[in-house]
Each structure stands twice: as C-alpha cells, then as structure tokens.
Amino acid sequence: MGVVNVTPDSFSDGGFFFSTENAIKQARKLIEEGADILDVGGESTRPGSLPVSVDEELRRVIPVIEALAGEKTLISVDTSKPEVMRQAIIAGVDIINDVNALRNSGALAVLAENDRVLACLMHMQGCPASMQNNPTYHNIVQEVYDFLEERIQLITTLGVARDRLIIDPGFGFGKTLQHNFEILNNLEYFTRLQTPLMVGISRKSMLGAVTGNPANRRIHESVAAALIAVNNGARIVRVHDVKATKDALSFYCAVQKNNDIK
Ligand code: 9MG
C-alpha cells in the first residue's frame, strides 16, 4: 500500500504533495512502482497533529480519489470521518482505512449500509494530538489484540462479513519505542484473528530512534521493518517507498517459495 498524503504538514514529505495535482502525480508514480493499493489521506495523524474540518478534508481527498478511480490499483481512503467515508465510497474507494477503528459516531453505519468496501481497523490509544504523552499498557500485545477482537466482534454482529475487515496494531499510535518493538516481535499473535494483518511503520520515528536518520532518509530501515513485519505475518504494508519495498519483498518471496518447494 503506497501512501498518498494530501496534507500540508505530512511528517515525511514536508507537504510537497499537498496540491491535488502533486498528489495525483505521486499516486501515479507509486502505481508505476508497483503499489497494489493507494492510501489517500487528507488529515495528518502524526503525533501532535490537529483535526481538519470535514469540508477541508473532502476538498483535499475527493478530487484525488476521483482521478485515480479508473486505475486497476485499489484505492483506500485514510479517514475517521463518516461523511468523508461516504463521499469517498461514492468517488470510488475500495477500502476505508480508519486509524480510529470506526469508533466515531456514524462510522459503523457507513460500513454496514454498504456491501462492497473493506475496512482497516487500527488500534490507537488516545488521539493524535496527545497520544504520545506517556502511553501506558499492562500487556501491550494482549491489550491491542483484545481491542481488535472486540471491534471485529461488534462489527460482524452488525452484519458486516468478517472478510471485509483488515486489522492493524497501529505502530506509533499511543505507543513507546518499547511498545512498538514488542508488537513487531509478536506480530504473528494477531494472525489468530484470521483477518488480513496490515502495518504502517514506514519512515516512522521508531526507525529514526534507532538510526538517527530524519524521516525522509529512513528508506533502508523502513524496508527492513516491512520485511520483518511480513516475515511475522503482515499481509499489507503501508509504505512511502514502494519500489524499494517491492524489490525487497520480491526477493523475500522468492526465497520462501524455494523453501516451500523443497
Ligand atoms: C494513516 N496511517 C498512518 N499510519 C498508519 C498505520 O500505521 N496504519 C494505518 N492503517 N494507517 C496509518
């Protein structure tokens, strides 16, 4: 999944893709690089970020989604707002990527009233504005697991098929470096939920905390993180550097396949 930010304050691209035209250009580049999914987002969720209005978010994402709707690549909208989800579905998205796991009022109804789109349910402790102020858990892996299991149970009870759901432990969303390491090392545990597992680690501060590199220079550590995640059970990786990640994963898959044949 390639990241298409339509935000002026995106942490890793410095706002370069803010304009509709630039976002579409970036999206087409990611398609050429081999992205299977494009995640279009109009509101930053980086730590400390503040929400934008529904109108502003619609203004940012809908023209980009409409421009990409004819492509073979699946389109995902990164939003927590029901009205944006609704308009994005009309514009042609295939996936709702909600960092708030459809907890906003009215969000569950959007999924329930539609029988086509998938939804990615992500775990987050707190909200982006304050989530990194001392996040606390007793057992990070079990608590994130329980949260995701509860969300799946609630949503499937409303009649939404389980195979329309994707789960994501939410790296960096109300988590310390140690929490992120524990989740990455125990990612396989989440596969018990029997829904595709997605992760977003690309260019995040947990990588910079190790290498000291700034966000736009974290390609190598992002690729390493994607490989670890896939090796530990992830099936979708949300990344900025599609070509580098695809190349690394192609090699990884070739080795796995060879091992399966023997
Ligand atoms: C929008 N966004 C930023 N980081 C993310 C992550 O880790 N997962 C998902 N699903 N979305 C994210």
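Tutor: A nonpolar core is a set of buried Ala, Val, Leu, Ile, Met, Phe, Trp, Tyr and Cys residues joined through side-chain atoms within 4.5 Å, where buried means under 20% relative accessible area with a 1.4 Å probe and protein chains only. The model is predicted, so local features need pLDDT of at least 70 and side-chain atom pairs count only at pLDDT 80 or more, while totals for chains, interfaces and linings use all residues. Residues are numbered from 1 along each chain as its sequence is written, and side-chain values use heavy atoms, without hydrogens and water.

Student: Which residues have the most contacts inside the largest nonpolar core?

Tutor: They are Leu38, Val40, Ile65, Leu187 and Phe190, in a core of 66 residues. Helix α5 (residues 140–157) gives the largest share of this core, eight residues. A second, separate core of seven residues includes Met1, Ile37, Ile166 and Ile236.

Student: What makes β3 and β4 a pair?

Tutor: Two strands (DSSP runs of E, at least two residues) pair if DSSP finds at least two bridges between them; β3 (residues 74–78) and β4 (residues 95–98) have three bridges, in the parallel sense, and therefore meet that definition. Ser76 stands opposite Ile95 in β4.

Student: Why are β1 and β6 called edge strands?

Tutor: Six strands form an open sheet in the order β1-β2-β3-β4-β5-β6, with parallel pairing, and β1 (2–5) and β6 (165–168) each pair on one side only.

Student: How do you know that helix α2 packs on the sheet?

Tutor: Contact means heavy atoms within 4.5 Å, and helix α2 (residues 54–68) touches β1, β2 (37–41) and β3.

Key:
Helices (H or I, at least four residues) and strands (E, at least two) are DSSP runs, numbered from the N terminus. Axes are lines fitted to C-alpha atoms, for helices over the stretch in contact, and angles run from 0 to 180 degrees between N-to-C directions. Buried means under 20% relative accessible area, exposed over 50%, partly exposed in between (1.4 Å probe, protein chains only).
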